[in-house]
Amino acid sequence: MNPVKKIYCRCVQFGFRLAIPFMPYRKPQIFSTFQQCIEELKALKINSLLLVTDSFLRGSGATAGLEALLQEAGITCHVYDGTKPNPMGACAVYKNELEYFYRAVMA
């Protein structure tokens with residue numbers, strides 16, 4: 001590798017290491033029941049949700065209970081089941097674009 005390029009890469013890495021403590025990371029909240037999740041959505045006044053899953057989980061009915069509870073609670077749930085197993089970075093970029101249209105994205 002070109003020595004100038006190597007030095008540049010090391011400087012960028014060092015810059016990111018310095019910036020990590022100041023980055024606005026969100027700590028994920030883990031819910032043990034669907035009801036806790038719905039209560040949190042209501043507290044945040046979210047009435048539309050995008051549920052991101054894969055076709056196998058949706059086809060097996062694993063998301064049906066959550067979809068039914070969301071509908072009973074009056075929260076509109078749109079399901080995207082085109083996710084591939086072990087998604088790559090492009091899927092994360094697509095998710096960020098979808099967050100523009102939805103107040104909540106659940107994966």
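Student: Is Thr53 buried or exposed?
Tutor: This is a predicted model, where local features need pLDDT of at least 70, side-chain atom pairs count only at pLDDT 80 or more, and totals for chains, interfaces and linings use all residues. Residues are numbered from 1 along each chain as its sequence is written, and side-chain values use heavy atoms, with hydrogens and water left out. Buried means under 20% relative accessible area, exposed over 50%, partly exposed in between (1.4 Å probe, protein chains only). Thr53 has 7% relative accessibility, so Thr53 counts as buried.

Student: Where is Thr53 found?
Tutor: Helices (H or I, at least four residues) and strands (E, at least two) are DSSP runs, numbered from the N terminus. Thr53 sits in the loop between strand 1 (48–52) and helix 3 (55–59).

Student: Why is strand 1 largely enclosed by the rest of the structure?
Tutor: Look at burial along the strand. Strand 1 is largely enclosed because, of its 5 residues, 4 are buried.

Student: Which residue in strand 2 stands opposite Leu51?
Tutor: Two strands pair if DSSP finds at least two bridges between them. Strand 1 pairs with strand 2 (residues 76–80) in the parallel sense, over 5 bridges. Opposite Leu51 stands Val79.

Student: Is Lys45 buried or exposed?
Tutor: Lys45 lies in the loop between helix 2 (34–43) and strand 1. Its phi is near 60°, a positive value in a residue other than glycine. With a relative accessible area of 68%, Lys45 is exposed.
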